[in-house]
Every structure is written in C-alpha cells, then in structure tokens.
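Dear colleague,

I am passing a structure on to you, and my notes on it follow below.

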Amino acid sequence: KRKPATGARGLRFTPVPPNTADAVTVPDGYRQNVVVRWGEPILRGAPAFDPENQTAAAQAGQFGYNNDFLALLPLPGEHRRQLLVANHEYTDEVLMFRGYDAANPTRQQVEVAWAAHGLAAVVVEEDRRTGALTAVPRHPLNRRVTATTEFRLTGPAAGSDLLRTSVDPTGTKVLGTLNNCSGGTTPWGTTLHGEENFNQYFANSSRTTDKRYGIGTGATERKWERFDKRFDVAQEPNEVHRFGYVVEFDPYDPTSTPRKRTALGRFKHEAATVRLTEDGRPVVYSGDDERFDYFYKFVGSKRMRKGSSRAVREHNLSLLDEGTLYVARLTGDSPALEIDGTGKLPADGEFDGSGEWIPLATATAKGAVSHVEGMSAEEVFVFTRLAGDKVGATKMDRPEDIQPSPVSGKVYVALTNNSNRGVGANAKADEANPRNANKHGHILELTERRNRPESTSFAWSLFLVAGDPDDPATYFAGFPKDDVSPISCPDNVAFDPHGNLWISTDGNQLGSHDGLFGVATRGARRGELKQFLTVPTGAETCGPVIQDRRVLVAVQHPGEIDGASVEKPASTWPDGPGKIVRPAVVAVWRADGCDIGA
Ligand code: FEO
Ligand code: CA
Ligand code: CA
Ligand code: CA
C-alpha cells in the first residue's frame, strides 16, 4: 500500500514499497538517470567500453568497478557542473570477464582488476531541460587513481621500520589504494577514503598481527601474489602494513599525490567523516567494519586555514598528520538486557549510557607518544586493532559509517549487523549492542560532552533498531511503528540540508532488495523512517549524497549473487537483456524540478 506524501520537511514523498525488481525504483513523481557506469571513458584518449576486449590501459582511463563512496563538490565558474569523486572498492572478476577461470587468472585480467580499483574524479553536468546529470568526458579535472598509482605515506608511522619494503626503503611511498569503501569530504576541499577489507589481497602470512586483521595463511582468491610479490607476505612482509589507512585526495589538483594518513590508525576503515572544533581543528570519526570491532576518533592539533592560496592548501594538507587517536568505550547505565521482543526495557526505560574516548597515541611535529602500555607509538598507528584490544574498547556490531549532524552536532553510528553476537563464547548483547544474533543492525546516537567535537566523553542512546516494524524488537526512535518502512543492515549514512538522516543498506535480511531511506532526527516526526529507493538484484546502495534538488547513489555490485557470471547473469541492470551488468552512479530528482521531499 502506498502512503500519502506527508512527512517531515525534506521527507515528503510517497515511500517506495519493499520489492525485488531488477531496477532502481523511486517514489512517484521522481525521475532518475545513470550518471556514469563502469567502463565509461572519462580520460582523454580512453577507448569506448568493450567488455569482450578489455585491457588495463583502457580501464585506467575509464570509470572503475564497484563504485561506493560518492562526493559531489562545487565547481565554481563552470555552469551547471559539479565534480564527482567516487571510490572503486573492489572487483567482481566473474562478472567482468567472460569465461573467467578463478583458479588461473591471466596477467591481463589481473592488471585490468588493478586498474578497476581505486578512485575516480569526473566532472558531471546537469541537462537544463531534463534535469539529468551526465559525465563530461576529457575534462582536465577528470582523473583515475588505481592500485598502481603512487601514494605518499604521511604522519607518525611514515618511514618507520614497519613500513619499509625492498622496493621502498624509505617507508613513505606506496603504490595504489585498495578496497576503498566509504569516505568523507573535508571543509578544506579534499576527500577522504577508507581502505576497508585490504586483507583479502595479501597471501601467505603466519604472523599473529596479520591474523588479527584477517590476513590468510594461504593463497588469495584473486591470486595477485602470482603477478606481484608485494601481495605475498612471505616474500614482502611489510607491504601489508601500507594498506588499511584513510586516504586523503585533492580532487582539484589533478597532479597531486594522494596521501595515506597513518595518524588515523590502521584498521578496516569503513569511512572517515570530518567536523571542526570551534577553534578550527579537524575531528575525524571512523568505524572498523568487523564483527566485535571498534570505532575511533582523531582530534587534530592544528587549525584549518581559510583561503585557496598554495600556502594555505599545503598547510591544510598537513592537518591530519598531527593529533590524538582515540577509541570508544561505551558503558550502559542499567544492568545489561537484550531487546528480545518481549517489550522488556532496562530499569531506567532506555537503552542508553555514557562513553569515553580512550587515547591511544598522539602525533606531534617532534614525534609520537604512545598511551598504550607495551606498545610503541608506531605500533599503535600500524596495529591499531591490537591497541584497542589492550585498552578494553567496546566490541561493536560492525561499525560502518559514522556521521555528525551538521544541524544538531549529534553523531550517528551505523552498526550493520552481527550474526555472531551472543553465539558460543562471543560477547553477549549489551545495552549498546542489544540484540543477540543481530541480523538487521542498529544505529546509535552520540552526544559529545557539551556538544564539543573534541570532548573525551559522551552520552549515547539507541536511535534505531532495524528490522520489520512488526518485529517487537525493532525501535524507530519512539515513532509509531505502523507508519515506518522496514529496514535491514544500515551501512552508509548522510545528512540532507534539513538535518534528516539518510541511510543506505547492504545485505537486506527481510527478503527484498537494499535501498535508501530518510528519517527525521528531530521534532515530532523523529524516527519516521521512509524508503526513498531500491536497487537492482544483488546490489548494495552506497555513497548517498543528498542535495536540495538531487539524490545521488552508487549502485554497487549489481548481479553479485552466488553462482552468477557473465554467462549466467543474475541482473542485466542498467542496460537491459544481452548487456553486461555494470555498477553505476544514479541521480534522482523531482520531475517538477522542486526540492527533494519538499
Ligand atoms: Fe565496504 Fe563496511 O562496507
Ligand atoms: Ca539505560
Ligand atoms: Ca559500506
Ligand atoms: Ca557494508
């Protein structure tokens, strides 16, 4: 049944019902178009997409695979144009190459995959007549960064013994970025990109530090170690220490060297989102997406400068190299109790409590200091998970995106799911992770002490416990549950200009496809969650950007279903039957040109 278009400001649209269509479905009265697809040529000289004859050189000039994070940045002086930055998280070889033999990939296939990873910057232009947004090929700001682009390692661990390799005895230069999941946009005009599941690219490790990061003892699935020994830990032990960071990228300078910021720690960074303290210092939140892992905050010690001169830009590019890295510890204020569907509440009636940011290490211009007994500062920044273990950080249900509200300052932490919570010897449900065998995930709302980003303590409470609203264990910030959309597995989150939280999902466990949802965080309609779109078969919804008049999403891994291949596709999105499935970016706007949800 369709609901009328009532709702909080910015959320007045008719919710899209859950469905399994092999399409992007949007509310009545909205239009959509594909902005840019995997393989579209964006650089000068790049050939048209030909999936049957793909080469690494072609791919390096084309939009990459599996778009995740998106930023849509201003482009002053260019009418109706903006600068789109996208992450290309990983490759699905079996959906990219006809006849792919997973046991014996060819060098050509492996090099195409290297070129399909990384980042893209591409200028996009609005068609004044239709409202559609399309890529501007060959624009001088268009750029591809791949698994072989040169990066600089910066901050407290750069140059340390842990980061030196046979190819790079300086420990400061690394080729490429891998598994960039979500990210953030800085107030000084750069973008941040979280290297997430980097473990899957590295083979043959027996070290306990690597085990804590999920690096395997045998061959990898993609077998890259056969083609470049840096992916073989047994041959090049420190290369793996050069992945798992937050990348900072300057999309306005196509000649800039992207940097990996070691001061923000090394773990499976889902994303990195920035706000400023009152005196202009950056504070960056980042979750470590693993069952029973932690979430972190970096508080910089240097102030941002305003302006666009070269000196100002250089200064601002040093902001993320000095400061203190913290990890979160959460304490419930009632005896632990599971949300078990019986309606039982903690003694004080709320799943809430207090928390503290535990300092792990501080980086300064003169050197770095560890706050963790038994670990040097360099070890803290490179083996950050082990530092979190030592200080007793709180084990969470897969921390994904973390986003501070630009309106209220409250911070929202998406916890996507944790099927192992309370199973066997694993940690049991607690007030902050209140569901055992947590299939659908939840979202916490944090309030930093005195609402100051740099505070070392905070209050927290449950904002959303996802699932079917008919399931009594779900919670929608107290809003009546007969008026909300079902949701499962919150992943990336973003705010619209009104302060509504938008949530994209990955891994819907309710039998319908993933999608994008909007929910008011304040006022009488706080908790009224409404579904805005759904994505095709096998896809995850990523990178939401919510502007006044446009919503952008990255449709990641469409057709990624067990057993699917180029020959046996599970999805034919976006180009229809007979065409190869292609991850792509989609724009949605109102047919009448009015604001989203107005
Ligand atoms: Fe790449 Fe945690 O999602
Ligand atoms: Ca409580
Ligand atoms: Ca994600
Ligand atoms: Ca995810």
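Which residues are buried in helix H7 (residues 384-391)? Before the reply, a word on conventions: this is a predicted model, in which local features need pLDDT of at least 70 and side-chain atom pairs count only at pLDDT 80 or more, while totals for chains, interfaces and linings use all residues. Residues are numbered from 1 along each chain as its sequence is written, and chains are lettered from A and ligands numbered from 1 in the order in which they are written.

In H7, the buried residues are Thr-384, Arg-385, Ala-387 and Gly-388, where buried means that 20 or more other C-beta atoms lie within 10 Å of the residue's own, exposed means 12 or fewer, and partly exposed is in between, with C-beta atoms placed from the backbone. They lie on the same side of H7, because the arc they cover around the axis is only 160°, the arc being that of the directions from the helix axis to the C-beta atoms. Helices (H or I, at least four residues) and strands (E, at least two) are DSSP runs, numbered from the N terminus. The packing partners of the buried residues of H7 are helix H4 (208-212), strand E15 (291-293), strand E17 (323-332), strand E18 (352-364) and helix H6 (377-382), a contact requiring C-beta atoms, placed from the backbone, within 7 Å. Just after H7 comes Gly-392, with a positive phi of about 75°.

As for the protein overall, it has seven helices and 32 strands. Its radius of gyration is 23 Å, which agrees with the value near 25 Å that a compact globule of 598 residues would have; the radius is taken over C-alpha atoms, and the globule rule is 2.2 Å times the number of residues to the power 0.38. The C-alpha trace spans about 60 × 60 × 50 Å along its principal axes, and 55% of the 598 residues are buried. Of the contacts with a separation of 6 or more, 61% are between residues 24 or more positions apart.

The largest nonpolar core holds 159 residues, of which Leu-70, Val-122, Val-413 and Val-586 touch the most other members; such a core is a set of buried Ala, Val, Leu, Ile, Met, Phe, Trp, Tyr and Cys residues joined through C-beta atoms within 7 Å. Leaving aside residues up to four places away in sequence, Val-586 touches Val-24, Gln-32, Val-34, Val-35, Val-553 and Val-555.

Two of the sheets deserve a description. One is an open sheet of four strands, in the order E1-E32-E31-E30 and with antiparallel pairing, where two strands pair if DSSP finds at least two bridges between them. Its edge strands, each pairing on one side only, are strand E1 (30-37) and strand E30 (540-546), and the twist from one strand to the next averages 25°, with axes being lines fitted to C-alpha atoms (for helices over the stretch in contact) and angles running from 0 to 180 degrees between N-to-C directions. Five bridges link E30 to strand E31 (residues 551-556) in the antiparallel sense, and among them Ile-546 has Val-551 in E31 as its bridge partner.

The other is an open sheet of six strands with mixed pairing, ordered E8-E7-E12-E11-E10-E9. In it, strand E7 (residues 150-154) pairs with E12 in the parallel sense over three bridges, and Arg-152 stands opposite Arg-259 in E12. Strand E11 (residues 246-249) pairs with strand E12 (residues 259-261) in the antiparallel sense over three bridges, and with strand E10 (residues 191-195), also antiparallel, over four.

Some backbone details may be worth a look. Most residues other than glycine have a negative phi, and most peptide bonds are trans. The peptide bond from Trp-573 to Pro-574 is cis, with omega near 0°, and Pro-574 lies in the loop between E31 and strand E32 (584-590). Lys-223, in the loop between H4 and E11, has a positive phi near 65° and is partly exposed, with 17 other C-beta atoms within 10 Å. Asn-451, in the loop between strand E23 (442-448) and strand E24 (457-465), has a positive phi near 60° and counts as exposed, with 11 C-beta neighbours inside 10 Å.

With best regards

Key. Contact = placed C-beta atoms within 7 Å.
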